[in-house]
Number of protein chains: 2
Amino acid sequence: MPKLRVQCFAVSLDGYGAGPSQSLENPLGVGGMKLHEWFVTTRTFRQMFGQEGGETGIDNDFAARGIANVGAWILGRNMFGPVRGPWPNDEWKGWWGANPPYHCDVFVLTHHPRDPLRMEGGTMFHFVTEGIETALNRAMEAAKGKDVRLGGGVATIQQYLRAGLVDELHLAVSPVLLGAGEALFQGVDLPSQGYRCVEHTPSPKATHVILARSER
Amino acid sequence: MPKLRVQCFAVSLDGYGAGPSQSLENPLGVGGMKLHEWFVTTRTFRQMFGQEGGETGIDNDFAARGIANVGAWILGRNMFGPVRGPWPNDEWKGWWGANPPYHCDVFVLTHHPRDPLRMEGGTMFHFVTEGIETALNRAMEAAKGKDVRLGGGVATIQQYLRAGLVDELHLAVSPVLLGAGEALFQGVDLPSQGYRCVEHTPSPKATHVILARSER
């Protein structure tokens, strides 16, 4: 049965999935890029952006698992961009340029309707105003039997967690302190929802853990 | 210059330094023992309790650093025991039996006066009612040039952190979820106080990090 998976989601030692004050200059909030140092050096990351080289090993293995068997994505609006409120026009097309690294259907949660946006390389952004369950149903349909990846950010993951809809989370705990930002675990009691740590693989750059529940 | 150090302090993936509902049966709160699996198997831990054997390696290295050059300890009252309010009598002598693993002066923070308590093996418990700075001054004096170890729990560490008095923290992030309990990082902004991660050494059982500040 296809899963809803969080993958390659980096958190700081103090539990933040993004820094404070997201902006055009700091898409991941102030200091947020430091969370992803384990990731941006991997071969998989570089391939996603059409580049050669990159490191192999534990970090790359998890990066590769993050895109394996993924048929569609769900993103919170803030992961799509810094625009807030109604869409003023179609100018903002995501953080990733003309050819985003998704290459499949991506469902963006928003309160403000917008027409779908076809990008190069097979990525199609759909804007879903009917809530997280509708987005999940549409993504599952689009994924055609593959899994759906829940990209983030923190608020979006927490919504899906509270609704009991996430099958698996891969977190990468990065050896940095952020001190403020979006706290992934705050107000979410994972063990009481049946999650436990089923895999623990540290690398020199991050500690990779898989959290999963038995039932769905 | 002698330091105030937090050592071997285990936190869960979701940031809890102890589970909920501390009691005589669960000194570390429900589920809290799982935090310390990396520690209780080490040679150093076994030696502290007069036992043979135990594992060597990364976890043991950090366990050994935790007691090296430590001349005195500070504990919050809940780390000393489950008794709350005024001390009804001298019956409670700590969690550790007649010969506690400290073998030096230990300063217990409490609002309720109590006479010092001499134990076997060189441990002497002092009960400090004059606040955290007095406890630190007395511990530094007793340590005679060695460092003072701040044992915990979370509330005590947070008090010393907020007062800017902690020089170094060694945390062991254990691959478990607690879901509730005492959240070490909540309401404490470490980077804004000058702390950063200066060492990151994962083992198969825990991710060891040292957080330190340059100034004091």
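Me: What makes Leu4(B), Ile74(B) and Leu109(B) residues that Tyr160(B) touches?

Reply: A contact needs heavy atoms within 4.5 Å. In this predicted model, Tyr160(B) meets that for Leu4(B), Ile74(B), Leu109(B), Ile132(B), Ala135(B), Leu136(B), Leu150(B), Leu165(B) and Val166(B), leaving aside residues up to four places away in sequence.

Me: Which residues touch the most other members of the largest nonpolar core?

Reply: Ile74(A), Tyr160(A), Ile74(B) and Tyr160(B), out of 72 residues. A nonpolar core here is a set of buried Ala, Val, Leu, Ile, Met, Phe, Trp, Tyr and Cys residues joined through side-chain atoms within 4.5 Å. Buried means under 20% relative accessible area, exposed over 50%, partly exposed in between, using a 1.4 Å probe and protein chains only.

Me: Which residues of helix α6 of chain B are buried?

Reply: Helix α6 spans residues 154–162, and its buried ones are Val154(B), Thr156(B), Ile157(B), Gln158(B), Tyr160(B) and Leu161(B). A helix is a DSSP run of H or I with at least four residues, a strand one of E with at least two, numbered from the N terminus. Just past α6(B), Gly164(B) has a positive phi of about 70 degrees.

Me: What are the ground rules?

Reply: Residues are numbered from 1 along each chain as its sequence is written, and chains are lettered from A and ligands numbered from 1 in the order written. Local features need pLDDT of at least 70 and side-chain atom pairs 80 or more, while totals for chains, interfaces and linings use all residues, and side-chain values use heavy atoms, without hydrogens and water.
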